[in-house]
Amino acid sequence: MKRAVDIAASLTGLIVLLPVLAGLALAVRLDSPGPAIHWSRRVGRHNRIFRMPKFRTMRTDTPDVATHLLSDPERWVTPLGRFLRRTSLDELPQLWSVLTGEMSLVGPRPALFNQDDLVALRTAVGVDALRPGVTGWAQINGRDELPIPEKVRLDREYLERRSLAFDLRILLGTARSAISGRGVSH
């Protein structure tokens, strides 16, 4: 049932949001040199690496590490990128990954390919069995502000509590977080 909801919602979202996606892609291209979409190497279900699309929010010469590991993250974020990150609009291209089955609308956020500590902790508690999500329980409970062990605890809680009703609660919480910009540090 969850996969059917993911397919229907992502396909509908891509069609309905096509003008918004095109406008944001143009805005990213006009804001800074480089492509509109950044394809990030991420860890998916069963720790398989996949390429996840996001609107590019950072300069093209940014080191390929988690933002919190950069010595001066603000130096790398583009002017439009700050807005896209705060509102989570940079995540909209991930609807494509939901449609293709690499991701789900709701699940643990996919780790970067080099976040070995996060991947190891998730694997130890069985969270790697889940399809990663565009949003998740940890996302609405702190986003960037959470330490890794707390993210993993919330991911494990999602694993234990998952249901369509819980996913709906998370999606509604995501909308509130996106509107408020709460929890985004860069």
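R153 forms a salt bridge with E157, their closest N and O atoms lying 3.3 Å apart; the term denotes a side-chain nitrogen of Lys or Arg within 4 Å of a carboxyl oxygen of Asp or Glu. Because R153 and E157 are 4 residues apart in helix α7, about one helical turn separates them. R153 counts as partly exposed, at 43% relative accessibility; buried means under 20% relative accessible area, exposed over 50%, and partly exposed in between (1.4 Å probe, protein chains only). Helices (H or I, at least four residues) and strands (E, at least two) are DSSP runs numbered from the N terminus.

The model is predicted: local features need pLDDT of at least 70 and side-chain atom pairs count only at pLDDT 80 or more, whereas totals for chains, interfaces and linings use all residues. Residues are numbered from 1 along each chain as its sequence is written, and side-chain values use heavy atoms, with hydrogens and water left out.

**Salt bridges**

The structure holds 11 salt bridges. One of them joins the side chains of D155 and R122 (2.8 Å, N to O). D155 lies in helix α7 (residues 148-161) and R122 in helix α6, so the pair ties together parts that are 33 residues apart in sequence. D155 is buried, with a relative accessible area of 3%, and R122 also counts as buried, at 10%. The side chains of D61 and R59 meet in another salt bridge (3.0 Å, N to O). Here D61 is partly exposed at 49% relative accessibility, and R59 is partly exposed at 30%.

**Pockets and cavity**

On a 1 Å grid over the protein atoms alone, a cavity is a set of points where a 1.4 Å probe fits but cannot get out, and a pocket is an open set with protein on both sides within 12 Å along at least five of seven lines; lining residues have an atom within 4 Å of a point. Grid points are joined across faces, edges and corners, and a volume is the space filled by probe spheres set on the points.

| Space | Volume | Lining residues |
|---|---|---|
| Largest pocket | about 1,000 Å³ | 44 residues |
| Second largest pocket | about 410 Å³ | 19 residues |
| Largest cavity | about 100 Å³ | 14 residues |

R42, K54, T67, R85 and L112 lie nearest the centre of the largest pocket. Elements giving two or more residues to its lining are β1 (37-43), β2 (49-55), α6 and α7, and β1 gives the most, with 4 residues. This lining divides into 17 nonpolar, 13 polar and 14 charged residues, where Ala, Val, Leu, Ile, Met, Phe, Trp, Tyr, Cys and Pro count as nonpolar, Asp, Glu, Lys and Arg as charged, and the others, Gly among them, as polar.

In the second largest pocket, S88, E91, L92, V134 and T174 lie nearest the centre. Helix α8 gives the most to this lining, with 5 residues, and the lining comprises 10 nonpolar, 7 polar and 2 charged residues.

The structure holds 1 cavity of 30 Å³ or more. V43, G44, N47, R122 and D128 lie nearest the centre of the largest cavity. Helix α6 (residues 116-124) supplies the largest share of the cavity lining, 3 residues.
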